[in-house]
Amino acid sequence: MRHEYLLPQRRSRLTRRGRLALFLGTLLAIGAAVLIPMLRGGEVPETPRRLLIPEGWRAPQVYAAVDRQLKLPPGSTKAAVATAGLALPAEAKGNPEGYLFPATYPVTSKSTPALLLAHMVRTANEKLATKAVADGGKAHGMTPYQTATLASIIEAEAEGRADMGRVARVVHNRLAKSMPLQMDSTINYALNRSTVDTKLSDTRIDSPFNTYERQGLPPTPIDSPGLEAMAAAVAPTPGDWLFFVTVKPGDTRFSATYEEHKRHVAEFNRLRASTGARTGQAGPAAQ
């Protein structure tokens with residue numbers, strides 16, 4: 001058998017300069033691989049702007065805020081409601097009033113009125129579906145939509161969170177006695193205003209939101225209630241109150257009798273006359 005003798009093969013070795021060049025080349029290649037997708041796809045993260053929707057805002061205020069934030073012509077967000085496919089209850093009949101949940105929402109270059117409105121409505125549905133709110137509403141025989149409606153009155157009428165439970169109790173007590181709610185906030189909603197000066201003529205307007213002449217809850221919510229108002233609506237503070245009046249900021253008086261309520265209203269009027277300012281707001285009148 002023939003055997004051939006092969007010379008041993010020499011292993012090629014890079015010089016120090018060659019190794020450095022190879023290392024730098026590898027880094028450049030990796031950097032290019034990362035940079036190219038970033039340049040092509042724009043993966044540089046966008047810092048979202050913030051859209052704040054406060055408690056108690058009405059739908060037109062929310063629409064205007066979205067238009068401003070997205071730099072759209074006035075009326076754009078309101079027009080988007082019809083085609084946004086919002087997850088509203090059938091009772092709402094397509095009207096998102098009361099379901100534009102108050103919170104802070106992120107806004108980016110990809111945000112649209114429809115997306116923001118859908119986020120707000122989805123959040124409202126989630127809050128209304130929390131166990132405490134949902135179970136409390138069922139215990140009072142209320143649908144989630146009725147809970148939102150009652151909560152919107154509480155949001156508008158209560159001076160602060162501390163009074164929400166007692167305002168809710170006044171509403172429940174009046175409903176139980178088949179008394180008109182007589183809430184100035186619903187009159188203000190019908191007249192598209194916000195004031196503490198409700199005149200006798202205002203209480204005679206022909207509107208489904210005139211709770212001076214019509215019994216029960218108004219047909220829709222009157223603003224965007226927060227979670228605290230929702231919780232108060234289904235878990236009112238125990239009490240026999242039927243009336244309340246805020247005689248001055250930080251001082252709301254609740255009463256179970258008309259005589260006591262008249263004394264509180266008289267004090268409210270005296271303070272207002274002496275200061276020449278709007279010192280507070282009146283609650284439901286007597287029947």
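This is a predicted model: local features need pLDDT of at least 70, side-chain atom pairs count only at pLDDT 80 or more; totals for chains, interfaces and linings use all residues.
Which residues in α5 meet which residues in α9? I would like to begin there, and the answer is that A132, V133, G136 and G137 in α5 meet L227, M230, A231 and V234 in α9.

The chain has 287 residues, of which 41% are buried, and it holds ten helices and five strands. If we take the contacts in the chain between residues at least 6 apart in sequence, 66% of them join residues at least 24 apart.

In general, two packed helices are described by the angle between their axes and the distance between the axes. For α5 and α9, that angle is about 35° and the axes are 8 Å apart, and α5 passes α9 in a left-handed crossing. Sorted by class, the residues of this contact are six nonpolar and two polar, with no charged residue among them.

Helix α7 covers residues 161–176 and helix α9 covers residues 227–234, and their axes come within 8 Å and cross at roughly 40°. The two helices are therefore oblique to each other, and here α7 passes α9 in a right-handed crossing. On the α7 side the contact is made by R161, M164, G165, A168 and H172, while E228, A229, A232 and A233 make it on the α9 side. This contact of α7 with α9 has five nonpolar, two polar and two charged residues.

Which residues of α9 are buried? They are A229, M230, A232, A233 and V234, and what covers these buried residues includes α4, α5, α6 and α7. G160 has a relative accessibility of 28% and so counts as partly exposed. In sequence G160 and A229 are 69 residues apart, and in space they are 9.9 Å apart, C-alpha to C-alpha.

Let me turn to another pair of helices, α2 and α4. Helix α2, residues 59–70, and helix α4, residues 113–128, have axes that come within 11 Å and cross at roughly 135°, which makes α2 oblique to α4. The crossing in which α2 passes α4 is right-handed. V62, Y63, V66 and L70 of α2 make this contact together with P113, L116, L117 and M120 of α4. By class, the contact of α2 with α4 consists of eight nonpolar residues, with no polar and no charged residues.

From helices I move to aromatic rings. As a rule, a pair of aromatic rings is described by the distance of the centres and the angle of the planes. The count in this model comes to five aromatic pairs. One of them is formed by W241 and F254, a tilted pair at 5.8 Å centre to centre, with 55° between the planes. W241 lies in the loop between α9 and β3, whereas F254 lies in strand β4, residues 251–255, so the pair ties together parts that are 13 residues apart in sequence. Both W241 and F254 are buried, and together with F244 they form one aromatic cluster.

K93, in the loop between α3 and β2, has a phi near 55°, which is a positive value in a residue other than glycine. Q182, in the loop between α7 and α8, also has a positive phi, near 50°, and is likewise a residue other than glycine.

Is each of these two residues buried or exposed? K93 counts as exposed, because its relative accessibility is 76%. Q182, on the other hand, is buried, with a relative accessible area of 4%.

To close where I started, then: α9 packs with α5 in a left-handed crossing, and α7 passes α9 in a right-handed one.

Key: Residues are numbered from 1 along each chain as its sequence is written. Side-chain values use heavy atoms; hydrogens and water are left out. Axes are lines fitted to C-alpha atoms, for helices over the stretch in contact, and angles run from 0 to 180 degrees between N-to-C directions. Helices (H or I, at least four residues) and strands (E, at least two) are DSSP runs, numbered from the N terminus. Angles under 35 degrees count as roughly parallel, over 145 as roughly antiparallel, 65 to 115 as roughly perpendicular and the rest as oblique. A crossing is left-handed if the near helix is turned anticlockwise from the far one by less than a right angle, and right-handed if clockwise. Contact means heavy atoms within 4.5 Å. Ala, Val, Leu, Ile, Met, Phe, Trp, Tyr, Cys and Pro count as nonpolar, Asp, Glu, Lys and Arg as charged, and the others, Gly among them, as polar. Rings of Phe, Tyr and Trp (its six-membered ring) pair if their centres lie within 6.5 Å; planes under 30 degrees apart count as stacked, over 60 as edge-to-face and the rest as tilted. Buried means under 20% relative accessible area, exposed over 50%, partly exposed in between (1.4 Å probe, protein chains only).
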